[in-house]
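Keep the 3D view open as you read.

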Amino acid sequence: MTHAPEQPAPSRRSVLGAAGGTLAAGLALGGLRPFTAAAAAPRREGHGVPLVPASAATGLHYPAPASESLIIQQGLPVGNGRTGALLTGDPAHDVLYLTDATLWTGGLNDTLQSDGQFPYGADDFGSFTLLAKVSLDIPAHAMTAVTDYRRTLDLSNGLSAVTYRLGGVTYRREVYASHPDEVVVVRLTQSGGGSYTGSLSLAGWHGETATADGAARTASLKGAFSNGLAYAAAAGVTGATGTVAVKGADVTFAGCSEVLVVIAGGTNYSRDPATGYRDPDADPHAVAAGRLRAAAEAGGPALLNTHLADYQPLFSRMTVELGVSTDAQRSLDTWSRLTALGKDGAPSDPELEAAYLQFGRYLMISGSRDSVPLNLQGLWIDRTDPDWMGDYHTDINVQMNYWLADRAALPDCFGAFLDYCVAQVPSWTRTTQKSFNDPRNGFRNSSGKVAGWTTAISTNIHGGMGWWWHPAGNAWLCNSLWQHYEYTQDRTELKKIYPLLKGACEFWEARLVTTTVTDPVTGAAGQVLVDDSDWSPEQGPTDAKGITYAQELVRDLFANYRAAAALLSRDAGYAKTVAGLQSRLYLPRVSPETGWLEEWMTPENLGETTHRHLSPLIGLFPGDRITPENSPAELVTGARNLLTARGMSSFGWGCAWRAASWARLKDADKAYQLVRTVMAPSDGTSNGTSQNLFDMYDLGSRATLQIDANFGTPTAMIEMLVYSRPGVIELLPALPGAWAARGRITGVGARGGITVDLEWRAGKVTGAVLRSAVSTTTEVRAGDWRRTVRLRPGRAVTLRP
């Protein structure tokens, strides 16, 4: 490869197009407090952001509506990071299941059970739950009467659309969730002289009674849980021509050439632990009303313009081309295409596989913006009692949710996770110092000391923990936050997370115990520091010392804290103490009995060989301690042997983790095989990908959504194309034959504040462009080729063969 001169980096900006008009509005919510927050997004009067045309857009499409009874598997998701909706797209009876990311039951949950662990149920720990159900009924538009029906999820524009024909008229239904306006928008239009006559109804899930306001032409509901969380939802209708009125609790419309439905919701949740995670001044009903009014006054075209101006720049940061699919593949709808791909011996469908990656990015943009982070099911559930309470599992799931953000050019979306950790840690600290050394807790510190903070396996949004204590959970959360800094180089965020890193180190300073080990080569005995009694998630003995999972995580925590302290010029004395602890840490070995990297501090395998978790391989991925180039061959072989023993089938998130690990070992075939396993179609109860591309987790009698695979699998796909660690960027480290002919990916985030654009042909890199947010130097590798590259902010460096 040659190293081309630096070039100015192109700027990213929205393209503004032709102006659009506004619908006749007039929604006035009399008697409600005016909306005073920064509600109405800035308008570009006289301009419109054009839709990415259908010929160029990435999307999913279906020939029929979703069934409400299967909405979690067939419904299409929209979201603005706080409000989410699943919709069926039925012309005559469309249903939207509405959520608010902060709608949780439960509370602090800091009273331990008799076993020293936390209660874990919907009434004590609490649960994420549904906010409202919105029904849009247009009886004359029954599926038996319409033709040319098509339902799409347009990833490029961030919206779902339904089109069909009836009586010679083409009807279009557009649904999206606007982040700037904080509303869900349903816009009904037509071309050919048709009209809409129907009704809108709003129903609650927790015993609320919906009411309608005739003057405002809205329906609303409100309620409060016993934990003090107040909430509300509201929906309003505006019509162009025709009439809009109220009948009972419903809003009706008749003879309208266009209909604009706006849906809003909210709670009094606050990130502030000092107020018990509640905003005492918040009035969710008034806030929802204000959002409706502002959106209705803006009108449909302006709302879409604002949404596109916000969404498109985020989505367009990354483009993905993995090859060219056949005309036969392109002729199929998404579910038929996925089903064909899942057949034994089926060839690759590179455009569908690229769309799967982009679907993960769509879910990230839609699910993680300025609110609480993505939980086990993101913003999308079909029941008031989601499995595992829809919580945050800190032993893989919440971390996997955020592997994608920085790699996929969406570091902004990581902020919800970062802010959540910062907001929760005061409560976690109090509970840790009050209860971790409870004599009933089998994981307590045998030293009798406690300091800093840690978590349980499950956490909620109220500062509470559930299920079992998870001592190493603090290290994994901190390491995720640190890796985000490595990608962004944002010192402001580093200052925010520094206290968390230090508090976690203090916890481990109090927890580590000294033991004597014998060097397998020299036979010399020496003293090392190991984790106290612990559990390798989620298997084996619960009182094992020195589990590999914890040793790897704590090693990285100590190294990351020391780097942070140096960068911020803080706590030099304590950083020296931590360096001493790090130097004495036991590091895992390869078992002479199994040939695997040990999971426990013993040569024996004490658990399930094919267990879903890859806990002992955390130093391979997402960590960087074990690499084929820099680690002893015996260690790399031990990691490979253990990964082989774990097998090539698991739940979706387990396969995603395996795929990323095989990519780190540069085994493209196994990594790609696991991507295909995740994408195999679910039959309704099995592991696999459902019609709407959600990942299904087999519960035996049914399947449930676990969204981490929708983020973890695209992460593995990117890792196959670009792997970065501090000071090194590898291009095409695990390119599978299915994608080798020709491809391109742009906008890949790399550690060091770097962005990578990459093209390849016949399995070889043909060109790469690197940009950086900071002045930095990195080594770029492609096969046996090496080149050291110096980068400056605002300048692009092009590498060519």
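This is a predicted model: local features need pLDDT of at least 70, side-chain atom pairs count only at pLDDT 80 or more; totals for chains, interfaces and linings use all residues.

The sections below go through cavities, then a helix, then strands.

Rolling a probe the size of a water molecule over the atoms shows where empty space is left. In this structure, six cavities of 30 Å³ or more turn up.

The largest cavity holds about 80 Å³ of space. Its lining is made of 14 residues, and the closest to its centre are Gly79, Ala177, His307, Tyr311 and Ser366. Sorted by class, the lining has six nonpolar, six polar and two charged residues.

## The second largest cavity

Here the space comes to about 60 Å³. Residues that line this second largest cavity include Ser591, Thr594, Trp596, Trp600, Pro603, Asn605 and Leu642. By class, the lining divides into five nonpolar, four polar and three charged residues.

Which residues of H16 are buried? They are Ala668, Ala671, Tyr672, Leu674, Val675, Arg676, Val678 and Met679. An α-helix has 3.6 residues a turn, so residues three or four places apart point the same way. Among the elements that cover the buried residues of H16 are helix H5 (334-341), H6, helix H15 (652-664) and helix H17 (708-721). Strand S26 (688-689) and strand S27 (695-698) also belong to this cover.

## A strand with two partners

Strand S17 (residues 258-267) is mostly covered, with nine of its 10 residues buried. Strand S10 (residues 183-191) runs antiparallel to S17 and is joined to it by five bridges. One place to look is Val185, whose bridge partner in S17 is Val262.

Strand S14 (residues 230-240) is also antiparallel to S17, and 10 bridges join this pair. Here you can find Gly239 opposite Val259 of S17.

## A three-stranded sheet

Three strands make an open antiparallel sheet in the order S19-S20-S21. Which strands lie at the edge? They are strand S19 (392-393) and strand S21 (465-470), each pairing on one side only.

Four bridges link strand S20 (residues 455-459) with S21 in the antiparallel sense. Thr455, for example, has His470 of S21 as its bridge partner.

Definitions and conventions: Residues are numbered from 1 along each chain as its sequence is written. Side-chain values use heavy atoms; hydrogens and water are left out. On a 1 Å grid over the protein atoms alone, a cavity is a set of points where a 1.4 Å probe fits but cannot get out, and a pocket is an open set with protein on both sides within 12 Å along at least five of seven lines; lining residues have an atom within 4 Å of a point. Grid points are joined across faces, edges and corners, and a volume is the space filled by probe spheres set on the points. Ala, Val, Leu, Ile, Met, Phe, Trp, Tyr, Cys and Pro count as nonpolar, Asp, Glu, Lys and Arg as charged, and the others, Gly among them, as polar. Buried means under 20% relative accessible area, exposed over 50%, partly exposed in between (1.4 Å probe, protein chains only). Helices (H or I, at least four residues) and strands (E, at least two) are DSSP runs, numbered from the N terminus. Contact means heavy atoms within 4.5 Å. Two strands pair if DSSP finds at least two bridges between them.
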